[in-house]
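Subject: Structure for you to look over

Hello,

Here is the structure I promised to pass on. Please open it alongside this message; my notes follow below.

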Amino acid sequence: MAEQFEPKLTAFVCNWCTYAGADLTGTSRIKYQSNVRVIRLPCTGRIDFMMVLKAFSRGSDGVIISGCHPNDCHYTSGNYHARRRWMVFRDLLDFVGIDLNRITFSWVSAAEGAKWAELVNETTNRVRELGPYQEIQQLAAVGIE
Amino acid sequence: MEELKLKAKQLLAAGTVKVVIGYGTGTGDVRRPVFVRSADKVDDLVFDGSCTQNLATYLTKVEVRAMGRMAIVAVPSTLRSILQLAAEKQLREENVLALAMLDGSMKELAAFDAIEETVATIPDAISATDQAMMDKLTAMSVGERRAFWAAELNRCVKCYACRSSCPMCYCERCTMDCNRPQWIPVASHGIGNLEYHMVRAMHLAGRCVQCGTCGAACPIGIPVHLLTFFAEGTVRRQFGQKGGGSAKLDYAMSTFKPDDKEEFIR
C-alpha cells in the first residue's frame, strides 16, 4: 500500500487568543494531528496577505488563519481590519484560481482549546483528501531563489 | 477641440496655469501625453475618441509638479482619479484645474465639489468588452481560472508598465522595490508574477477608479486591469464604498465596521 500523503499546514495565529488557545489544547492534553506549523504573530491585523501566498509558494498544502473573536482584540480593532482584508483577499484568491478549500479562517479564543484541535483536525483531513498543492508548487519550483 | 485649445491658450497666456497636460499625436492612431507650457504651443493638443489614457498619473509626478499649477485634459476616469488623489491628500485644490471633455464639449472644473457633482452624473460602468471578459471568468471553475491566469501571467515580463501608468500608484517607495524582505521576486516567473499582480490588485482595492489604463499599458496585452477591477468590485459590493467618488471619502481598507458581514470565518 502506498504511503499516505501527509499535508503540511501553516497556521498564522495571533499571540493573544489563538496561540493561547492552542497552548490550552496542549495543557488540556487534547490530541490533534501534527501536520500544522504554527506561526505566532502579535495580531491578526499583522497577517499580511502576502504571508498566505508565500506559505503556499514555499510548500504549504493548506493554511489556517486564526485570531481573537470580534470585540476581543488585544489592540481593540486589529481583527476588524483583518476581517475586511480577508473579505477582499479571499474573493481575489478565488478569482485567480487558488483553491479556497485549502484555507481556513477562524476565530479561536484563549478558552477554546477544543475548538483549535477540531479546527486543525478538520483542515488537515480536508487538505489530505485534496492531496499536495501541485499546481502552486510546480509554479513555485521555477521561482524559488 | 477648438474650445479646448482656446481655453488652454487663455490659461497659459494669463499665467493661471503653468502647464496643460493633454493628449497629442503619436504613432498612427495612438495618442500620447503632451505637456504644453506656453500659449504658442497649444496646437499640439488633440482630443478625439482615441484619447483614453488616464492622464491623472502625471499629477503626482515631481517633475510635473515643479512646473507650477497644472491644468489637465480630463476624461471621466481622470476626474475620478483627481477625487481619489484628493481624498488621499495627494492633491490640493489650488494646484489643479480640470478641463473635462464630456459629450464633445469642454467644461472647466476648478473646485473638487464641482468635480464631484459632475462625476455623480456620469454613469460608472466598465466597458462591454471588459464586462464580457469578467462574466466569462467568473463563470469558469476555479481550476479553469487558475489555468487562465497562469497562462496569462507567465507572459508577464515585469516591466511594471501597469504600475507606472496607474494614477493611484504614486508611492515613492513601492513594496515591489523593497528587498528586505523581498516580497516580490525581481525575476519574472510564474509564482512571482502571480504575487506581483495580487499585491497590485490588493493595494488598489477600494481606490481603483476602473479606468483600465493599466491593461492598456501592458505591452503584451495581459488583461491585468481585470484583477484590479475585480478587487475594486469586491470592495464596492461588500462595503458599499467606491474609489473616485468623493474627495472626502475614507479609504475602505483602512477602516472597518463592527458589523461587516462575512460567512466564511468559523
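In chain B, strand E4 (residues 96–102) and E5(B) pair in the antiparallel sense, over 5 bridges. One residue pair to look at is Leu102(B), whose bridge partner in E5(B) is Ser105(B). Bear in mind throughout that this is a predicted model.

That pairing belongs to an open sheet of 5 strands in chain B. The strand order is E2-E1-E3-E4-E5, and the pairing is mixed. Strand E2 (31–36) and strand E5 (105–109) of chain B are the edges, each pairing on one side only. On average, neighbouring strands of this sheet are turned by 25 degrees against each other, with direction ignored.

H4(B) lies across E4 and E5 of chain B. Relative to E5(B), H4(B) runs at about 140 degrees.

Both helices turn up again at the domain boundary. Chain B is divided into domain 1 (2–121) and domain 2 (128–254). The C-alpha centres of these two domains of chain B lie 25 Å apart. In the contact, 19 residues of domain 1 of chain B meet 18 residues of domain 2 of chain B. On the domain 1 side, the elements that give two or more residues are helix H3 (76–87) and helix H4 (112–121) of chain B. H3(B) has the largest share of that side, with 8 residues. By class, the domain 1 side of this contact in chain B has 7 nonpolar, 9 polar and 3 charged residues.

Now chain B as a whole. Its secondary structure comes to 10 helices and 5 strands. The radius of gyration of chain B is 19 Å, close to the 18 Å that the globule rule gives for 266 residues, so chain B is as compact as a globular protein of that length. Along the principal axes, the C-alpha atoms of chain B fill a box of roughly 60 × 45 × 40 Å. Of the 266 residues in chain B, 41% are buried. Among contacts in chain B with a separation of 6 or more, 66% are between residues 24 or more positions apart.

Last, one helix in chain A. In helix H1 (residues 18–27) of chain A, the residues Thr18(A), Tyr19(A), Gly21(A), Ala22(A), Leu24(A) and Thr25(A) are buried. Their cover includes strand E1 (9–14), strand E2 (36–41), strand E3 (62–67) and helix H4 (113–130) of chain A. Just after H1(A), Arg29(A) takes a positive phi of about 55 degrees.

Best regards

Conventions:
Residues are numbered from 1 along each chain as its sequence is written. Chains are lettered from A and ligands numbered from 1 in the order in which they are written. This is a predicted model: local features need pLDDT of at least 70, side-chain atom pairs count only at pLDDT 80 or more; totals for chains, interfaces and linings use all residues. Domain bounds come from an automatic or database domain assignment. Two residues are in contact if their C-beta atoms, placed from the backbone, lie within 7 Å. Helices (H or I, at least four residues) and strands (E, at least two) are DSSP runs, numbered from the N terminus. Ala, Val, Leu, Ile, Met, Phe, Trp, Tyr, Cys and Pro count as nonpolar, Asp, Glu, Lys and Arg as charged, and the others, Gly among them, as polar. Two strands pair if DSSP finds at least two bridges between them. Axes are lines fitted to C-alpha atoms, for helices over the stretch in contact, and angles run from 0 to 180 degrees between N-to-C directions. The radius of gyration is taken over C-alpha atoms; the globule rule is 2.2 Å times the number of residues to the power 0.38. A residue is buried if 20 or more other C-beta atoms lie within 10 Å of its own, exposed if 12 or fewer, and partly exposed in between; C-beta atoms are placed from the backbone.
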